[in-house]
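Open the model in your viewer and keep the sequence panel beside it. Each stop below gives a selection, then what is there.

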Amino acid sequence: MSWTGKNENLDYLTKRTELEEMLETAQATYRVKTYPKNAVVFWIDEPNEYHYYLDEGSLECFRLDATGRKKVIDRYVAGSFFWVSYPSR
């Protein structure tokens, strides 16, 4: 698993509307999704080649070890960009 853009906050880009304007100017395809608290956004091994921007709230990336205990990989806060890619098997 590789993570890039780890904990990259853009202090000058504080509004989602500004980000959406930039994406539209670049003619990029994007989707705005809202998740309830404690929701799972994606599971490991799911096809996932997306870039994420966390508009508000926080997000924790984790895996479960062999005993079922949660091992935190990373945490993100509002204003963070992150990307996840899983290697082909």
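Is Asn38 buried or exposed? Select Asn38 and show its surface. The model is a predicted one, and in it Asn38 has 72% relative accessibility, so Asn38 counts as exposed. The cut-off for that label is over 50%.

**Stop 1: the loop between α1 and β2**

Stay on Asn38. This residue is found in the loop between α1 and β2. Check its backbone. Phi of Asn38 is near 70 degrees, a positive value in a residue other than glycine.

Now select Gln27. It lies in the loop between α1 (16-25) and β2. Gln27 is not a glycine, yet its phi is positive, about 55 degrees. Its relative accessible area is 72%, so Gln27 is exposed.

**Stop 2: the whole chain**

Zoom out and colour by secondary structure. The protein has one helix and five strands. Along the sequence they follow the pattern β-α-β-β-β-β. Next, colour by accessibility. Of the 89 residues in the protein, 22% are buried.

**Stop 3: β3 and β4**

Select Lys70 and Glu60. Their side chains meet in a salt bridge, 2.8 Å from N to O. Lys70 is in strand β4 (residues 70-77) and Glu60 in strand β3, so the pair, 10 residues apart, links distant parts of the chain.

How accessible are the two partners? Lys70 has 47% relative accessibility and counts as partly exposed. Glu60 is partly exposed too, with a relative accessible area of 30%.

Glu60, Lys70 and Arg75 are linked in a network of salt bridges.

The charged end of Lys70 sits over the ring of Phe62, 5.0 Å from the ring centre.

**Stop 4: a nonpolar patch**

Show the surface. These three residues make a nonpolar surface patch of about 270 Å². Leu64 is found in strand β3 (residues 58-64). At 56% relative accessibility, Leu64 counts as exposed.

**Stop 5: Asp65 and its partners**

Which residues form salt bridges with Asp65? Select Asp65, Arg69 and Lys71. Arg69 forms a salt bridge with Asp65, and their closest N and O atoms are 3.4 Å apart. The side chains of Asp65 and Lys71 also meet in a salt bridge, at 3.9 Å from N to O.

- Asp65 has 23% relative accessibility and counts as partly exposed.
- Arg69 has 53% relative accessibility and counts as exposed.
- Lys71 has a relative accessible area of 41% and is partly exposed.

How many salt bridges are there in the count? The count comes to four.

**Stop 6: the aromatic pair**

Select Tyr53 and Phe81. The structure holds one aromatic pair. Are its planes stacked, edge-to-face or tilted? The ring centres of Tyr53 and Phe81 are 4.8 Å apart and the planes stand at 45 degrees, so the pair is tilted. Tyr53 lies in strand β2 (residues 51-53) and Phe81 in strand β5, so the pair ties together parts that are 28 residues apart in sequence. Phe81 has a relative accessible area of 25% and is partly exposed.

Step along the chain to Leu54 and Phe82. The C-alpha atoms of these residues are separated by 8.4 Å, and the residues are 28 apart along the chain. Leu54 lies in the loop between β2 and β3. Its relative accessible area is 13%, so Leu54 is buried. The cut-off here is under 20%.

Select Ser80. It is found in strand β5 (residues 80-85). Is Ser80 buried or exposed? With a relative accessible area of 1%, Ser80 is buried. The backbone oxygen of Val77 lies 2.7 Å from a polar atom of the Ser80 side chain.

Key:
Residues are numbered from 1 along each chain as its sequence is written. This is a predicted model: local features need pLDDT of at least 70, side-chain atom pairs count only at pLDDT 80 or more; totals for chains, interfaces and linings use all residues. Side-chain values use heavy atoms; hydrogens and water are left out. Helices (H or I, at least four residues) and strands (E, at least two) are DSSP runs, numbered from the N terminus. Buried means under 20% relative accessible area, exposed over 50%, partly exposed in between (1.4 Å probe, protein chains only). A polar contact is a pair of N or O atoms within 3.5 Å; within protein, one must be able to donate a hydrogen and the other to accept it, and residues adjacent in sequence count only if both atoms are side-chain atoms. Rings of Phe, Tyr and Trp (its six-membered ring) pair if their centres lie within 6.5 Å; planes under 30 degrees apart count as stacked, over 60 as edge-to-face and the rest as tilted. A charge sits over a ring if NZ of Lys or CZ of Arg is within 6 Å of the ring centre and within 35 degrees of the ring normal. Patches are made of residues with over 30% relative accessible area and no salt bridge: like charges are joined within 9 Å, nonpolar side chains (Val, Leu, Ile, Met, Phe, Trp, Tyr) within 5 Å. Accessible areas come from the Shrake-Rupley method with a 1.4 Å probe; for residues, only the protein chains shown count as cover.
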